[in-house]
Amino acid sequence: MFDILHYSFFVRGIEAGVIVAFIAPLIGIFLVLRRYSLIADTLSHVSLAGVALGFLFGVNPMWSAIGVTVVSSLGIEKLRTSKRVYGESALALFLSGALALATVLLSLGKGFNANLLNYLFGSIVTVTQTDVYTIAVLAVVVACVLFALYKELVYISFDEESARVSGIAVDRINRVLIVLAALTVALSIPVVGILLIAALIVIPVVAALQLRKSFLQTLVYAEVISVFSVVTGIFASFYLNLATGGTIVLIMLIVFLLIMAGKDRP
Amino acid sequence: MSNSDHGENIIEVSDISFSYGATQVLKDITLSIHRGDYLGIVGGNGAGKTSLLKIILGLLSPQKGKVLLFGQDIREFKDWSKIGYVPQKVTNFDPNFPATVREVVLMGRYGRRGLMHRVTEEDRTEARKALEQVEMWEYKDRQIGDLSGGQQQRVFIARALAGKPEVIFLDEPTVGVETHIKDEFYALLRKLNEDLHLTVVLITHDIESMAHEAMHIACIDHTIFFHDSIDAYFKDSHAVVHPHP
């Protein structure tokens, strides 16, 4: 049944999928525990503006998405910490603002076409070898930085004030976290598409949290759920001719529901 | 003042004033904390005691005045591992957070480690010692959210102890804790103060308990209107007549 692996486009899709599936919960666990889940959603909409910019200027849309998302993430964090607007209002401003900018840029560049759908809903068949390399290199960067800051991030997520008193540079680490979230969002575009990225980052973590394990175990379970859902989702979507991103997210939701059901049993 | 017969000054707050917008919270606060002291900072709601604590911990910057920690200006102070902090647990803690008791206590070691440092054997040993000091070692693998309020409080103290501080600050540690747990809790603090020679500073509205427990007491109502030993407190009719400003 694995003769499908002879197709290089499929292999590239699996490669990109597994890498993204691996880093999404790493960043997701910190976003979810800090009640930042909606940042993933906001950044994904921001990345659409980046994609539109790429279309307009003929740049690889993944690169323009990375640039725009990272810069905007710093803007969001700055606005949020300035306390001039509520935290979630900062997110709403960026989310709708980015979407408005994206639609204007797309109409300027006549970008409303089939290609756009690949970015909105994900399409691993369009992943190029260069994309896989880009995803791999940046994923290694994200994973290394998270590894270096792991202890500090755990402490800040649990108790930001005490972490600050213990001398941890909380503000700087918060900025690093949001930039990493931005990178993860941009890298996830080809696999699940802009509209479903937040699910990839949030659902495996929320499902693993239901198991009430230690921090490290929760992370490991989230990784297992994420990689399992992405790989089975890609295979299932190919054989059943379904949309890949949607299939992956639905599998994640099924896993989540199964865990919830298992927990409710006496 | 009887303060002077104690050890060196480790914390000096001089002439601090602090406002939130137009509301003055603290006015001309001067306070010294001595090594080995057990000080209760007492005041009613909105008296400014938590703001004072946050200023001493560097979480807030006063508009006026100066804070010296271990002889160094707070703005240049780097050695935060000397300071242990037990926050007001009720407001600062998510009971669904996925962490075991041991993981929480290990956090107390993180501040003194640089980036990239893995958890070492020494960290584990100190975490264990701290948990044993508060008699919570047998709960090490339990979820923090599954413990009772009093037990969580002990774990937070263990987290502060794991960093081997010289002074420990506790913010309203007995709010919402039952009376018999409260007694055990004060016994633990006394043990830490006497056996480990740890300086203990406790922020509370509970002046009755403090009168039995602390060596010194500072009463605050936007400004410090009494700061001396407990004995002097009972002799000072002004302070006793107005325990809850």
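Two strands are taken to pair if DSSP finds at least two bridges between them. In the predicted model, strand β1 of chain B (residues 9-20) and strand β4 of chain B (residues 64-69) pair in the antiparallel sense, over five bridges. Within these strands, B:E12 stands opposite B:L68, a residue of β4(B). The two strands belong to an open sheet of chain B that is formed by four strands in the order β2-β1-β4-β5, with antiparallel pairing. Its edges are β2 (23-34) and β5 (72-73) of chain B, each of which pairs on one side only. Helix α1 of chain B (residues 49-56) packs on this sheet and touches β1, β2 and β4 of chain B. The direction of the helix makes about 125° with that of β1(B).

The contact between the chains takes 22 residues from chain A and 22 residues from chain B. On the side of chain B that touches chain A, β6 (83-86) and α3 (101-110) of chain B each supply at least two residues. The largest share of this side, three residues, comes from α3(B). By class, the side of chain B that touches chain A comprises 14 nonpolar, six polar and two charged residues.

The largest nonpolar core has 155 residues. The members that touch the most other members are A:I27, A:A40, A:A181, A:I197, B:V105 and B:A158. Helix α1 of chain A (residues 8-33) gives the most to this core, with 14 residues. When residues up to four places away in sequence are not counted, A:I27 touches A:V142, A:L146, A:L180, A:A181, A:T184 and A:I201.

Terms used
Residues numbered from 1 in each chain as written. Chains lettered and ligands numbered in written order. Predicted model: local features only at pLDDT ≥ 70, side-chain atom pairs only at ≥ 80, totals over all residues. Contact = placed C-beta atoms within 7 Å. Nonpolar A, V, L, I, M, F, W, Y, C, P; charged D, E, K, R; others polar. Axes fitted to C-alpha atoms, helices over the stretch in contact; angles between N-to-C directions. Core = buried A, V, L, I, M, F, W, Y, C linked by C-beta atoms within 7 Å. Buried ≥ 20, exposed ≤ 12 C-beta atoms within 10 Å, placed from the backbone.
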